[in-house]
Amino acid sequence: MAANTWQRLLADRPARIAGGVLSAAAIAAVLAPWISPYDPTLQPDPVALRLVAPSWHHLFGTDPFSRDVLSRILHGARVSLGVAAGAMLLSVTLGAALGALAAVMGGWVDSIVSGLVDVLIAMPRLLVVIALVATFGALSPWWLIVLIGGSGWLTTARIVRAEFRDHLQREYVLAARALGASRWRLVWRHLLPAVAPQVAVAAALALAAVIPLEAALSFVGLGIQPPLPSWGNILLDGTDYLTSAWWLVVFPIAAVTLTVGSALVLADRLRTAIAGEERAR
Amino acid sequence: MTRRLIARALHAAAVCAVVATSVFALLQFAPGDPFATALDGTDVPPNVRAEWRARYGFDLPPLERFAHWGGALVRGELGYSASRHRAVAEVVRDALPRTLVLVGAALILGFAVGVGAALLQVRHHGRWQDRVLGALTLGGVAMPEFLVGLLAMTWLGARWRIFPVAGLGSLGDATAWPLWERAADYLWHLALPAAVLALAVASRVARHQRAALLGVMREDFIRTARAKGLGEWDVLLRHALPNAIGPVIALLGLALPSLVGGAALIERIFGWPGMGLTLFDALLARDYPLVLAAVLLATLVAVVARTLTDLVADVVAPRRVPVP
Amino acid sequence: MTRRFALAVCVLAAACRGGDARSGGILVVSAGADAETLFPPLTVGNQGRAVTELIYDKLADIGPGLNTIGDGGFVPKLASSWEWSADSLTITFHLDPRARWHDGQPVTARDVQFAFRVWTDSAVGAVQRAALATVDSVSVPDAHTARAHFRERTPEQFYAFVYTLIPLPAHRLAALADTALHDAPAVRAPIGSGPFRFKSWTPRATLELTANADYYGGRPRIDGVVFAVAAQGATVAARLLAGEADFLEQLAPPDFKQLPADGLVRAQSYGGFDYAFVQFNVNDAAGRPHPLFADRELRRALTMAVNRATIAQSVFDSLARPAIGPFSRTQWTADTTVRGIPFDTVEAIRALDALGWRDTNKDGVRERAGRRLAFSVLVPASSRTRQAAAVLLQAQLKTVGVQVTIEQADFNAFLDRAHRGAFDALVGGVRTSPSPRGVRDVWGTPGPSRGAQNWGRWSNATFDAQVDSALAATNTAAVRAHFRTAYQAAIDDAPAIWLYEPRMFAGVHRRLTTTALRPDAWWSDIAHWTIDRAQRLPRDRRALAAP
């Protein structure tokens with residue numbers, strides 16, 4: 001059944017476009033060192049060449065340090081998408097594991113996980129992350145992944161727990177258990193594949209949440225440390241020149257919005273595909 | 001019902017206790033000093049700092065301080081905010097209503113606009129109206145709120161001078177204006193920050209509401225209603241919406257914490273000194289009693305809102321449709 | 001060009017004071033921070049000082065020449081005159097009999113005595129208590145005479161006393177315990193003696209003052225002052241650019257690009273007391289030398305490799321000058337003829353090579369005995385300009401094979417690490433006071449009497465001795481000479497790379513005419529600012545309707 005969901009998704013045009021945009025961004029991130037016109041940290045002349053409007057030499061213009069904005073956005077994709085993908089993987093894995101654990105074990109394990117979810121979901125994530133970074137100093141990208149990923153597993157855990165509990169009541173599971181299949185074998189062979197599309201939805205949503213979070217951290221001055229470019233700190237450089245240097249604002253916003261939008265569309269279409277599949281069944 | 005409420009209340013109290021303890025523990029590891037610096041970053045001489053620390057009991061061991069603080073909390077006291085030379089309760093009394101107004105306005109406005117947009121989209125499913133609104137709501141979710149706020153503030157406020165840039169009201173002799181004029185002025189200043197937050201709410205609501213409506217539209221009772229010869233709008237408003245709005249209301253309750261988080265930056269940008277800005281400032285000043293009070297309050301509001309929206313969703317739409 | 005024109009207009013306006021005393025109108029000041037308290041002994045930041053000094057008058061105020069030695073140039077305020085005893089250990093202040101608290105009570109010598117007690121009581125914890133260390137007591141021969149008794153003669157004893165101590169209303173506050181003074185209602189809604197009365201305060205939003213019609217120095221020409229507070233830098237500037245505010249203390253470099261084309265706002269230049277630098281951590285808290293920066297020659301070589309002019313120009317355009325040494329050009333002891341370390345990459349490379357720092361493994365970073373020439377620079381996240389300076393510095397040092405990591409920290413964490421000495425280097429900034437004495441706290445060898453803010457714990461005997469001699473001298477030429485030697489010693493020893501001195505530009509609405517802005521206190525003469533009657537705005541409506 002899950003396999004059919006994936007086929008439905010592939011047949012869907014908006015999903016293919018969104019997937020294409022995301023893949024393009026990922027390819028740009030991987031190839032950044034080879035396709036960037038300049039070194040993203042190079043400051044050719046921070047006095048004469050600062051804030052130059054887009055031209056053939058600098059397609060996206062230059063920033064306040066005379067660095068090439070296009071090169072910075074390409075390299076920034078590496079950092080921003082890297083952190084986003086890492087945090088997304090972490091939060092989805094953590095969420096799926098905890099959700100599955102809670103649903104399968106039940107009892108006090110379930111209580112603890114659900115309680116943890118209740119506590120964390122009541123706290124504003126943005127403020128919690130800002131608070132942690134503000135108090136412990138700006139973090140390396142790896143720690144940022146741990147922090148953002150570690151605070152974002154709630155949704156996945158809720159979804160997986162609910163789906164698992166639903167499936168655990170279904171006939172095929174009851175039948176398999178009656179035949180003596182172990183719980184964990186069931187989880188691995190049947191339940192996980194069955195909820196995979198739902199987890200994929202959660203993953204796409206997690207990706208969509210993480211990119212703006214990184215930007216917000218940069219906005220308060222505690223994101224990725226210079227000179228490493230990220231979409232967030234490119235935007236931060238632009239916020240000083242909102243009315244005087246549009247190229248510092250428009251291009252990074254476009255990068256963020258397109259990626260996040262694509263992730264959201266993907267999540268949407270996936271949901272539709274799941275619903276369609278369930279109806280068809 | 002009463003039993004459920006009591007269970008909920010106990011649960012909320014437990015959540016708050018856990019949050020308070022963990023935040024307090026976390027703050028002990030944070031470097032910095034509540035008396036190190038003024039708001040504009042001038043530093044306080046070390047000898048004076050030592051005197052102030054002693055005065056406010058910050059030289060006690062952490063556990064003892066936690067006991068003091070917890071004891072006072074049980075007696076209904078929130079402690080003293082050293083960064084503002086004021087009781088925490090007074091600070092909160094000033095700031096909380098402002099955030100409630102801002103977030104409340106954003107919720108109501110966003111909810112109404114979001115549901116309206118979704119209805120329009122479903123009514124014109126697959127046509128250009130649906131596509132345009134779909135693109136707009138997608139953009140509304142994808143753009144970080146602080147960016148929209150910053151752009152609105154600089155362009156609509158400072159550059160084109162259509163809206164006031166910031167603040168709770170007009171400056172100058174506005175305090176002497178008649179009441180209705182001051183009220184209008186307040187709303188006028190609320191408009192831009194509330195609209196920016198409402199945009200984010202509306203986009204999320206619209207996307208969920210559209211999906212929920214489309215799910216319901218396939219159900220049999222809709223076919224029956226159409227067969228009875230009802231107009232398409234009647235079918236939508238009378239039959240589809242009541243059955244599809246419940247999960248969206250529940251979603252609002254869940255989304256409240258993130259809305260409060262986003263509101264912090266919006267409050268900062270629009271000079272709206274509510275709880276978000278208070279928490280943000282208190283964090284930077286390491287004003288622990290104020291941080292704890294603000295976090296507790298945010299948690300409490302989130303828990304209460306969730307309970308309320310669950311109840312409302314139950315009342316409005318007893319028949320739950322699975323969230324698409 | 002326009003700036004120069006604006007300047008000329010303002011000078012003219014200041015010159016032709018007089019005529020109709022009252023211009024009316026409410027001045028709105030856009031501020032980036034709120035006053036933390038309205039109790040003068042406890043104010044720390046500039047914003048708190050601005051508000052309290054409008055509400056409360058001092059005995060005398062520093063003159064436009066900012067002289068701090070003796071009483072030359074000081075302007076009478078609450079004290080209409082004063083005289084020195086023959087041994088200079090006593091100064092007798094004669095209070096202006098017309099001076100009144102805002103509740104109508106006369107300002108008496110008891111208020112001066114009371115203020116002195118509050119300022120020196122450790123239960124209050126007055127921020128500037130150390131400045132009054134040489135004052136023994138204040139006596140009250142009669143109601144309008146206050147006498148300050150000093151323990152020792154110092155050149156700046158008059159300045160230290162009148163610049164720090166603000167008389168407080170004893171009749172309202174004396175009954176309160178000193179520990180209650182932090183937040184008593186009488187402190188939050190103060191009764192002062194100055195040109196403006198307290199009206200209302202909404203913390204983190206607005207603070208309103210109204211003109212004191214009964215002010216003994218003459219009613220202010222405007223009707224009131226409103227401080228509008230916003231935490232976000234962009235918002236603070238936007239308020240002015242939109243015309244919602246009339247005055248902004250300092251325009252940031254990006255703001256200049258956004259000045260409205262309709263001439264609503266102009267920039268007005270005035271002297272600043274700020275300078276910024278990259279400070280090296282020379283010794284740690286226990287006195288152990290830093291593995292890199294204890295080496296004087298390395299500090300000098302790094303200084304040579306940094307193009308300070310480019311940094312100043314890139315970050316500030318033309319709005320800053322490269323800094324020279326541990327002083328600001330606005331201070332009267334400033335000496336622009338001292339020898340700096342020139343920017344010279346070739347010489348820097350040669351010096352680094354000579355010190356044994358060579359890039360043997362060709363990774364772009366120099367090494368010596370297995371240690372890479374790499375260090376971190378701590379920057380406060382609250383300062384965009386210092387962050388920009390760090391980014392430029394990082395790129396410049398990279399070209400000579402030095403690896404710099406930038407660490408941004410929120411200001412509180414920044415201060416914490418600075419105090420503990422937990423950093424390699426940091427981008428620091430100092431706002432000096434009119435007195436040259438502050439240099440002893442920032443750059444003197446850490447100890448009981450000096451170096452409280454010398455985070456890098458740099459120590460230089462020549463510098464300390466020369467600063468001490470300068471501060472003990474009463475003859476201006478001698479003071480200058482000693483400071484010159486001290487500054488030169490500091491520059492040669494390179495405890496820091498001196499980066500830039502921002503030039504201060506206030507943003508001023510075209511309807512507002514200010515008098516000259518004093519570098520240490522732009523608000524000092526607000527009572528004489530005027531708002532053009534023809535350009536009244538809705539926010540002055542009531543005042544407009546009134547005659």
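Author: Buried means under 20% relative accessible area, exposed over 50%, and partly exposed in between. The model discussed here is predicted.

Reader: Does Glu77(B) count as buried, partly exposed or exposed, and which residue is its partner in a salt bridge?

Author: The relative accessibility of Glu77(B) is 43%.

Reader: In the salt bridge of Arg219(C) with Asp223(C), which residue is buried?

Author: The closest N and O atoms of this pair are 2.9 Å apart. Arg219(C) has 28% relative accessibility and therefore counts as partly exposed. A relative accessible area of 12% lies under the 20% limit, so the buried residue is Asp223(C).

Reader: What radius of gyration does chain C have, and does it agree or disagree with that of a compact globule?

Author: Chain C has 547 residues, for which a compact globule would have a radius of gyration near 24 Å. The value for chain C agrees with this, at 25 Å.

Reader: What percentage of the residues in chain C is buried?

Author: The secondary structure of chain C comprises 17 helices and 23 strands. Of the 547 residues in this chain, the buried ones make up 60%.

Reader: How far apart are the mean positions of the positive and negative charges of chain C?

Author: Chain C carries 61 positive and 53 negative charges. The distance between their mean positions is 3 Å.

Note on methods
Residues numbered from 1 in each chain as written. Chains lettered and ligands numbered in written order. Predicted model: local features only at pLDDT ≥ 70, side-chain atom pairs only at ≥ 80, totals over all residues. Heavy atoms only, no water. Helix = DSSP H or I, 4+ residues; strand = E, 2+ residues; numbered from the N terminus. Rg over C-alpha atoms; globule rule 2.2 N^0.38 Å. Buried < 20%, exposed > 50% of the residue type's maximum accessible area, 1.4 Å probe, protein only. Lys, Arg positive; Asp, Glu negative; His and termini not counted. Charge placed at Lys NZ, Arg CZ, Asp CG, Glu CD. Salt bridge = Lys/Arg side-chain N within 4 Å of Asp/Glu carboxyl O.
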